[in-house]
Amino acid sequence: MDPHIQSYKKLGGVLGVLLVLTAVTVGVSRLDLGSLSLGVAMVIAGTKSALVLLFFMHLKYESWLIRGSFLMTIGVLALFIGFMFWDVGFR
Amino acid sequence: MGSHHDTVGARTGMWLFLYTEIMLFGGLFVLYSAYYRMHAQAFISTGQELDTVLGSVNTVILLVSSFLVAAAITAVQRSQTKGAMALLTGAVLLGMVFLANKYLEWGHKFHLGIYPGSPGLEDSPPGRIVFYGLYYTITGLHALHIVMGMVLLIVCIAMIGFGRIQKERFLLLENCGLYWHLVDLIWIFIFPLFYLIL
Amino acid sequence: MIPRPWAVSTERNRAIPMGETMSNAVTSFYDTPFPARFRGVWSWLFTLDHKRIALLYLGAATFWFIIAVVLGFLVRMELMTPGRTIMGAETYNAAFTLHGVIMIFLFVIPAMPAIFGNFLLPIQIGTDDVFFPKLNLLSWYLYMLGGALAIVSLFADGPPDTGWTFYVPFSVSTQTNVGLTLTAAFILGLSSMLTGLNFITTVHRMRVPGMGWLQIPLFTWSLYATAWVQLLATPVLSITLLLVVFERVFGTGLFDPARGGDPVLYQHLFWMYSHPAVYIMILPGMGVISEIIPVFSRKSIFGYKAIVGSSIGIATAGSLVWAHHMFTSGMSDVAVFVFSFLTFIVAVPSAIKVFSWVSTMYKGSILMTPPLFFALCFIYLFSVGGLTGLVLGAAGPNIQVHDTHFVVAHFHFVMFGGTGFSFFAGLHFWWPKMFGRMYHFKRAYLSAILIVTGFMLHYVPMFILGLQGMPRRYYDYLEQFAPGNFFAGLGALIMVPGLFLMVINLMVSLKQPVDAPADPWGGTTLEWSVPSPPPLHNFIERPRPGKYPYDFSRVRTP
């Protein structure tokens, strides 16, 4: 069994940060950042998902297998998207 | 056989399953990225037609429900049975509110005559049709996952009630929780990609 | 008189207590239902025993294999002469579509992991079952459901006629029952995914203590690498097929150029799965060959670590070359260049394996048996298939031979000459382990010779036809292609009887008494240390894996 028990306080804190980040991403979308806006939104979404993964989903306390394979999955998806852009990006 | 008490292994299996879900939605994000590249202007102008307030509310709803599920695990670990059941019930109720919002949102769009194959949509520029095609596909598939996640959470509530999930034995809750968090995780990306590209 | 090669007894057989004498004393899994409360046919339909599930798969996959062989045979007979030979064009379209769909989704993808993997992976790593036995049974039911739907799709609105690739826009606009076939493929994908999930967890969590990563037999290694591809690539196919279904039902327009969609993206998504899928098909076959070659060379495998590394290399690099199927689809030139280059990289790990097998045999003490014969055919045919793959991977020649019979020949050299022959090799290798009976050797050789002779006559003309420019999937052709097609048909007439002879020979062996020893060949991996057929929990006492899975120092040949 998991030795770690995450306190309500800590989980609540994580929720707080997530809500703040949601507000930030909505706010930033109102600014005119041009082509940067999608990138900024994705960085914030990435941060939010990292928080959910690490604390809500206990990834922080998991074995190297799960952490590594999760990163691999994301990496494969990124490669699929990235390599497709050899086509889509150069049409 | 020897595997029944290996909770690490069972959780590993659940994570592997989550990877398949990530890749399933990943295929749609592949399409999104390509079509965004092809129709950037149309995507931006069409994104403004979506209700940012409703989208933000749904984001908050899912984040809070995720928190409730994570807290429910803490509650089970501390043997606070009633508390855990209450937290999970809250998460399920929030899931229902999410779906209700989705129903209103889709209903409103249908009312305006915007749905796949509708005459109103067929006359618009290509980027707009594709945007709505992706919008309905992704949010529809996501809503389906919310429904499945709610069923899993209800099963967990019942199991806590029957004493089948308890302090030393909460693997099922952990795995169902992981599923619920994943659904949240996917929404975290759907939200900016559709509601916030302004 | 049936030749009995196990008269070539091994020291190991006598040295290990669970050898020949024990096998009769132990109750095999055939006589021990699990869960124990089920009897008769229910003990199979509700079984949680990985070995029984493997045999359930074997039965179903054999059925589909025979159907698909017959369909392919009919296609070839139709093409044997120009014009109408035995069927009309509509039937022909349905026949080649079903041949492809059934072969790919119901035989080649599931066969090796689901049959040999289920049966042997737990034994090779010294455990009693897979990690999720119930999920394993569920996978089989999903497989059966997918197969049933594929049959139903034949009769509702006419059989599907899109080819196994389901390319848009035709798959969206055709009036035949493609929706149901797509659903069937979706469910079969789910089944394959769950099998992969099960194997990864099993390999990580259930290896016998003392078996490190570099003591895992190569067949299990290849299944492990395959499982990751199954897990990460299959969902992309699932969503692609779902999108086509949505397109047909709701008209979302995601692949319709008139509405801003792009049909080339369908091809991207489809091949993101389906190219890695050919490595799902071939990797376990390579694993089988890596088991067979050292056993019959009485020599440790050459380059164990290189083979492990190349399995991982193939799984990785193979996932990044999908767009070489699309050189003529209107992709950007940059993409053609990049994906052509990447395709050449995949050849490296494949070649490492071929060289390692050949080097294993060098100065070995070679014992010819049917499994080895099939394995040798594999090495030759797979090499031809792999090298012609480079012709197709090179952007320039590809333009000439794209979508011609050259592709058909290449694909069948790899999938039939490769996966098919390694499947036959594995079947003859592990048959005594699975059923406790040996088959007739001379008939096995005869069938192998018929198959491989027919194979060459069947597919080599297709290479030439392709270079001459005959497109694939066409119902009719010009007069100048007639000789090649005639010879190909002749090849089929030799090959198909060979296939049936092989199946019948194996079936007939089941009438004999169960008398195969635990280790008829002198193998060193753990499955040869248990009785044939194995008992319910595989091992009578806790297995002790050696420091190295291919240590033949204790195996003696007289």
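## Nonpolar core

In this predicted model, the largest nonpolar core has 276 residues, and those with the most contacts inside it are B:Ala72, B:Leu88, B:Leu134, C:Phe107, C:Ile292 and C:Ala425. A nonpolar core is a set of buried Ala, Val, Leu, Ile, Met, Phe, Trp, Tyr and Cys residues joined through C-beta atoms within 7 Å; buried means that 20 or more other C-beta atoms, placed from the backbone, lie within 10 Å of the residue's own. Helix 5 (residues 89-124) of chain C gives the most to this core, 23 residues. Helices are DSSP runs (H or I, at least four residues), numbered from the N terminus. Domain 1 (7-57) and domain 2 (61-91) of chain A each supply at least three residues to this core.

B:Leu134 touches B:Leu28, B:Leu31, B:Tyr32, B:Tyr35 and C:Leu254, leaving aside residues up to four places away in sequence. Contact requires C-beta atoms, placed from the backbone, within 7 Å.

## Domains of chain A

Chain A is divided into domain 1 (7-57) and domain 2 (61-91), with bounds from an automatic or database domain assignment. Their centres, taken over C-alpha atoms, are separated by 21 Å.

## Chain A against chain B

Contacts join 32 residues of chain A to 37 residues of chain B. On the chain A side, helix 1 (8-30), helix 2 (36-56) and helix 3 (64-88) are the elements that give two or more residues. The largest share, 10 residues, comes from helix 1 of chain A.

By class, this side of chain A has 22 nonpolar, 8 polar and 2 charged residues. Ala, Val, Leu, Ile, Met, Phe, Trp, Tyr, Cys and Pro count as nonpolar, Asp, Glu, Lys and Arg as charged, and the others, Gly among them, as polar.

## Basis

Residues are numbered from 1 along each chain as its sequence is written, while chains are lettered from A and ligands numbered from 1 in the order in which they are written. For this predicted model, local features need pLDDT of at least 70 and side-chain atom pairs count only at pLDDT 80 or more, whereas totals for chains, interfaces and linings use all residues.

Terms used. Buried ≥ 20, exposed ≤ 12 C-beta atoms within 10 Å, placed from the backbone. Contact = placed C-beta atoms within 7 Å.
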